[in-house]
Amino acid sequence: MRTDPVGRFLAALGPEQREAVGAKPRQEQERLAAAWEQELQADDELDTLDELSPPAAEAEAARRVLQSGTG
């Protein structure tokens, strides 16, 4: 059973980022999770990484979302 997108996004973050994002309002968490899912779907490089290590691809997409200013 898959968790909700916000839960999956939070799980992909490191502890410090998880705490910071977890402190944000739910609406902001949902926006970040949506941007994260879009990053996972849109980047071909992440598709390749996902085949090798899905958790690594999810973590990289989460890092990109937070670093890009989307988060």
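Colleague: What percentage of the 71 residues of the protein count as buried?

Modeller: The model is a predicted one. A residue is buried when its relative accessible area is under 20%. Of the 71 residues of the protein, the share that counts as buried is 28%.

Colleague: In which order do the elements run from the N terminus on?

Modeller: The protein has five helices and zero strands. From the N terminus on, the order of elements is therefore α-α-α-α-α.

Colleague: Which residues of helix α1 are buried, and which helices do they pack against?

Modeller: Helix α1 covers residues 5-12, and Val6, Arg8, Phe9, Leu10 and Ala12 are buried there. These buried residues pack against α2 (15-22), α3 (26-42) and α5 (54-67).

Colleague: How is the aromatic pair of phenylalanine 9 and tryptophan 36 classed: stacked, edge-to-face or tilted?

Modeller: A search of the whole structure finds one aromatic pair. The ring centres of phenylalanine 9 and tryptophan 36 lie 5.8 Å apart, and the pairing limit is 6.5 Å. Their planes stand at 55°, whereas stacked requires under 30 degrees and edge-to-face over 60, so the pair is tilted.

Colleague: How many residues apart in sequence are the parts that this pair ties together?

Modeller: Both phenylalanine 9 and tryptophan 36 are buried. Phenylalanine 9 belongs to helix α1 and tryptophan 36 to helix α3, so the pair ties together parts whose separation in sequence is 27 residues.

Colleague: How are α1 and α3 oriented to each other?

Modeller: The two helices pack with their axes 9 Å apart, at an angle of about 75°. Angles of 65 to 115 degrees count as roughly perpendicular. The orientation of α1 and α3 is therefore roughly perpendicular.

Colleague: How many nonpolar, polar and charged residues does the contact of α1 with α3 have?

Modeller: From α1, the residues are Pro5, Val6, Arg8, Phe9, Leu10 and Ala12. They meet Arg26, Gln29, Glu30, Leu32, Ala33, Trp36 and Glu37 in α3. By class, the contact of α1 with α3 has eight nonpolar, one polar and four charged residues.

Colleague: Which residues of α2 does α1 meet, and at what angle do α1 and α2 pack?

Modeller: Phe9, Leu10 and Ala11 in α1 meet Arg18, Val21 and Gly22 in α2. The residues of this contact divide into four nonpolar, one polar and one charged. The axes of α1 and α2 are 8 Å apart, and the packing angle is about 145°.

Conventions
Residues are numbered from 1 along each chain as its sequence is written. This is a predicted model: local features need pLDDT of at least 70, side-chain atom pairs count only at pLDDT 80 or more; totals for chains, interfaces and linings use all residues. Side-chain values use heavy atoms; hydrogens and water are left out. Helices (H or I, at least four residues) and strands (E, at least two) are DSSP runs, numbered from the N terminus. Buried means under 20% relative accessible area, exposed over 50%, partly exposed in between (1.4 Å probe, protein chains only). Contact means heavy atoms within 4.5 Å. Rings of Phe, Tyr and Trp (its six-membered ring) pair if their centres lie within 6.5 Å; planes under 30 degrees apart count as stacked, over 60 as edge-to-face and the rest as tilted. Axes are lines fitted to C-alpha atoms, for helices over the stretch in contact, and angles run from 0 to 180 degrees between N-to-C directions. Angles under 35 degrees count as roughly parallel, over 145 as roughly antiparallel, 65 to 115 as roughly perpendicular and the rest as oblique. Ala, Val, Leu, Ile, Met, Phe, Trp, Tyr, Cys and Pro count as nonpolar, Asp, Glu, Lys and Arg as charged, and the others, Gly among them, as polar.
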